[in-house]
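Q: I'm new to this one and would like a short tour. Can we go through it piece by piece?

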Amino acid sequence: MTPRFHDLIREGDGWRTLEVKTHHASPHLVTTTQRVATPSRPEGVSWGVVHRKGAVVVAPITAAGEFVLVRQERVPIRQSLWEFPAGQIDGAGEADDRTVLATAARELGEEAGYTLRADGRWERLGYFFTSAGFTDEHSHLVAAMGVEPGKRGRTPDEGEAITECHVFLRTEMLAMIDRGEIRDANTLALVARLFARGILESAFLR
């Protein structure tokens, strides 16, 4: 039986798992080869699938309309990237509002050392699939409207290497995207959703 990290992927309407071979399993991901019947291929197709926990990405926005980004070492690509704080959801099952926002608050504090102000607010912005060609990994997107430095400072996980945390104007962040300095998919997806919701262009931001 393949471990289930979440309930987001469900079968029906022509989708049916015929066979699963598990090659590797850890608390964070499972690699498999699966034979799956699809709406256009009822006889089934063989596919390599990586199951992974869902994650939460949070865009921290200060009361002055600035964005908080962290710079994190990413071992698979041998680079350090500017990113919004993000982390996996603990536990399994449906990711409800409370779970998503609790994860957002945790990562905001651990990675950036920030917290939501008393007069601030959270705004959920849906989710997206990071690379649907081979994994069910998905990231929930959250805006933290009105953050401030916390009392504890940054407390990243043992396996993380966050080398910088910096506040950027909206114009600076967009220029970094244009120059290719921000290349993290989670961050780019969240910026796009902020644009779509009108948050990024509001008078609140500079």
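Q: Which residues are linked in a network of salt bridges?
A: Asp-90, Arg-106 and Glu-107 are linked that way. A salt bridge here is a side-chain nitrogen of Lys or Arg within 4 Å of a carboxyl oxygen of Asp or Glu.

Q: Before more of that, what kind of model is this?
A: This is a predicted model: local features need pLDDT of at least 70, side-chain atom pairs count only at pLDDT 80 or more, and totals for chains, interfaces and linings use all residues. Residues are numbered from 1 along each chain as its sequence is written, and side-chain values use heavy atoms, with hydrogens and water left out.

Q: Is Glu-107 buried or exposed?
A: Glu-107 is buried, at 2% relative accessibility. Asp-90 is exposed at 56%, and Arg-106 is partly exposed at 25%. Buried means under 20% relative accessible area, exposed over 50%, and partly exposed in between (1.4 Å probe, protein chains only).

Q: How many salt bridges does the structure hold?
A: Ten. One of them joins the side chains of Arg-179 and Glu-181, at 2.6 Å from N to O. Arg-179 is exposed, with a relative accessible area of 54%, while Glu-181 is partly exposed at 32%.

Q: OK, staying with helix 1, what about Glu-111, buried or exposed?
A: Glu-111 lies in helix 1 and is buried, at 1% relative accessibility. A polar atom of its side chain lies 3.3 Å from the backbone nitrogen of Ala-86.

Q: What else does Glu-111 touch?
A: Not counting residues up to four places away in sequence, its contacts include Val-70, Gln-72, Arg-154 and Ile-162. Contact means heavy atoms within 4.5 Å.

Q: New topic: helix 2. Which residues of it are buried?
A: In helix 2 (residues 170–178), Arg-170, Met-173 and Met-176 are buried. They cover an arc of only 125 degrees around the axis, which puts them on the same side of helix 2. The arc is that of the directions from the helix axis to the C-beta atoms.

Q: Why would residues a few places apart point the same way?
A: An α-helix has 3.6 residues a turn, so residues three or four places apart point the same way.

Q: What do the buried residues of helix 2 pack against?
A: They pack against strand 5 (67–74), strand 6 (79–83), strand 10 (162–168) and helix 3 (185–196). Just after helix 2, Gly-180 takes a positive phi of about 80 degrees.

Q: Now the loop between strand 8 and strand 9. Is Asp-136 there buried or exposed?
A: Asp-136 lies in that loop and counts as buried, at 11% relative accessibility. Its side chain makes a polar contact with the side chain of His-51 at 2.8 Å. A polar contact is a pair of N or O atoms within 3.5 Å; within protein, one must be able to donate a hydrogen and the other to accept it, and residues adjacent in sequence count only if both atoms are side-chain atoms.

Q: And Thr-135, where does it lie?
A: Thr-135 lies in the loop between strand 8 (114–129) and strand 9 (138–149), and it is buried at 7% relative accessible area. A polar atom of the Thr-135 side chain lies 2.8 Å from the backbone oxygen of Val-50. Leaving aside neighbours within four places in sequence, Thr-135 is in contact with Val-50, Arg-52 and Thr-130.

Q: Last one: where is Ile-9?
A: Ile-9 is in the segment before strand 1 (16–25). It is partly exposed, with a relative accessible area of 41%, and Asp-136 is among the residues touching Ile-9.

Conventions
Helices (H or I, at least four residues) and strands (E, at least two) are DSSP runs, numbered from the N terminus.
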